[in-house]
Amino acid sequence: MNQSAYVIGVDFGTDSVRALVASTQNGETIATAVQYYPRWKKGLYCDPSSQQYRQHPLDYLESTEAAIKQALAACPDGVKANIKGISVDTTGSTPVAVDAIGTPLALTPGFEENPNAMFVLWKDHTSNDEAELINTIAHSGKFEDYTKYCGGIYSSEWYWAKMLHVVRVDAKVRDAAVSWVEHCDWIPAVLSGNKDVKTLVRSRCAAGHKALWHESWGGLPPASFLNAIDPLLVKYADMFKETVVASEPVGTLSAEWAAKLGLPETVIIGSGAFDAHMGAVGADIQPYALCKIIGTSTCDILMAPMDATGHLLIKGICGQVDGSVVPGMLGMEAGQSAYGDVYAWLRKLIIKPMAALMNGDVDAERLQQYEDKLLAYLSGEAEKLPLKDNDVLVLDWFNGRRTPDANHTVKSAMIGLHLGTDAAHLFKGLVEATAFGAHSIAQRFEEEGVPIKEVIALGGVAKKSGYAMQVLANVMNRPIKIVANEQACAIGAAMFAAVAAGVHKDTATAQQAMFGGYERVWEPQPEKVDYYAKRYQQFLALGAFSENVYA
């Protein structure tokens, strides 16, 4: 191994992009920088009332360049000249319509302000009807069930549903779109200078989990199946056949981007993948470890040897794909559509009317300080509350249900409210709801024959909310290991960059060298485990009742 080698991991989140420069020798973070998406921050192209969330490709391009430059500028002398590779992770499924050279339509004349020509963000749920149609056709018995490797239920958060919705509602985009590309595939193509959508490298992680790609049927589902869903999809049946794992290079840094970043054209660009999958590697995931990436939502990643689990068809999860996490392992994905967002909802519920009533009586900076302290205060108050069987009980379905058994039309519900219920009681119910939702995912894996040997947590909520993690440990009745590195997704991308660049021979070697350890372990509190076991059964009953009401 070259001890003077460095790599860049680029982590695209919902609100911002982070560039992290890391040593391949020990994973030390040399420098890091964050850039927020300016258009997204203004709320442009989004309509929360209809669950439309779109992001302009310029937000990605401008923020990527600025973040990498800022991180490199903060590096000591000698680092920049020894950057060997760059890899990226992104949210997903976040696809965009592109032209023949792989350019998102929003970057072409006439489409600059058209939300349908922009990236359809992972949490966009405008395609619920299209997802239902895909499931109806897939389960009709007329075709092989092309949803069987994604839990048997196709989601409105995924590739084909989003694509179909856009081409149905926007004739101009429909006519101009030559293909559709995931965010995690587009950025490597941009950095490496790929100008042909036919040769654009497609991620095994993204295609397998969201685009119904599988080797057993030769790639994407056949034209006959897509035609049965809607003839508008047939033109996309042959978009691509081959996919690559994230440890594979896609090329080298283009002359254009080398000049922009001040890096040599010899820098290797790795294949992209979704943030949770690279984050799991950055968290040192091992076989049968459930890795929970907890932020605004969660992605739960589990991997196991193909020879032990490859024959299983796990119901109700997001997907199972050979090599989607690391080569040779079955990568399994599940998750919750809202986690930190649930807590943020309560914060907004309290703060927003206060801000309106104050109407300038308190300066914005001071109000922001109160807002920042609110959840920590509620955590402390909730922790003091006695545990009662008739406490407020809440479902975590504020943004629908991702898993088990995807259904983005369901809504949250809460029971047990009375005149003595205060904000702390409600916050306690919300924290328990997210823990119960997490527990239901773990139970589904075990019911389907995939054991869980340990639970790892990373992300903003995992590191900042000790109360939420203690409740999670009590509900799951398992220790919860918290990853020390605050940027596990970015360091995971850096690990893949090191492998793609040939500095490390494989992901296991990169993990061994670059993983930074755990900061603490939350152990279950034995005296509270039985209480939460009973409450979990109440949670399941409330879920069954609520889902029936909205059916």
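A crossing of two helices is left-handed if the near helix is turned anticlockwise from the far one by less than a right angle, and right-handed if clockwise. By that rule, helix 2 and helix 6 cross in a right-handed way. Helices here (H or I, at least four residues) and strands (E, at least two) are DSSP runs, numbered from the N terminus.

Some ground rules before I go on. This is a predicted model, in which local features need pLDDT of at least 70 and side-chain atom pairs count only at pLDDT 80 or more, while totals for chains, interfaces and linings use all residues. Residues are numbered from 1 along each chain as its sequence is written, and side-chain values use heavy atoms, with hydrogens and water left out.

Back to the pair I opened with. Two packed helices are described by the angle between their axes and the distance between the axes. Axes are lines fitted to C-alpha atoms, for helices over the stretch in contact, and angles run from 0 to 180 degrees between N-to-C directions. Helix 2 (residues 57-73) and helix 6 pack at about 50°, and their axes are 12 Å apart. That makes helix 2 oblique to helix 6; angles under 35 degrees count as roughly parallel, over 145 as roughly antiparallel, 65 to 115 as roughly perpendicular and the rest as oblique. P57, Y60 and L61 of helix 2 make the contact with H183, W186, I187 and V190 of helix 6, where contact means heavy atoms within 4.5 Å. By class, these residues are six nonpolar, one polar and no charged. For the classes, Ala, Val, Leu, Ile, Met, Phe, Trp, Tyr, Cys and Pro count as nonpolar, Asp, Glu, Lys and Arg as charged, and the others, Gly among them, as polar.

How many residues of helix 6 are buried? In helix 6 (residues 183-192), 10 of the 10 are, so the helix is largely enclosed by the rest of the structure. Buried means under 20% relative accessible area, exposed over 50%, and partly exposed in between (1.4 Å probe, protein chains only). After helix 6 comes G193, with a positive phi near 80°.

Next, helix 12 and helix 14. Helix 12 (residues 340-358) packs on helix 14 (residues 423-447) at about 160°, with the axes 9 Å apart. That makes the two roughly antiparallel. The crossing of helix 12 with helix 14 is right-handed. On the helix 12 side, V342, Y343, W345, L346 and I350 take part, and they meet A423, L426, F427, L430, V431 and T434 of helix 14. This contact has 10 nonpolar residues, one polar and no charged.

Two of those names come back in the largest nonpolar core, which has 60 residues: Y343 and F427 are among the members that touch the most others, as are M332, F445, M469, L472 and I480. Helix 14 supplies the largest share of this core, 11 residues. A nonpolar core is a set of buried Ala, Val, Leu, Ile, Met, Phe, Trp, Tyr and Cys residues joined through side-chain atoms within 4.5 Å. Leaving aside neighbours within four places in sequence, F427 is in contact with Y343, L346, L375, L378, S379, A382 and Y467.

V471, N474 and V475 of helix 16 meet K528, V529 and Y532 of helix 19.

N477 is not a glycine, yet its phi is positive, about 55°. Is N477 buried or partly exposed? N477 is partly exposed, with a relative accessible area of 46%. Y288 also has a positive phi without being a glycine, at about 70°, but Y288 is buried, at 13%.

Now helix 3 (residues 128-138). Its buried residues include N128, E130, A131, I134 and N135, and helix 4 (159-169) and helix 8 (223-229) are among what covers them. F225 is in helix 8 and is buried at 0% relative accessible area. Beyond four places in sequence, F225 touches I134, I137, A138, F143, Y146 and L212.

Last, the cis peptide bonds. One joins G92 and S93, with omega about 5°, and S93 is in the loop between strand 5 (83-90) and strand 6. Another joins T403 and P404, with omega about -10°.
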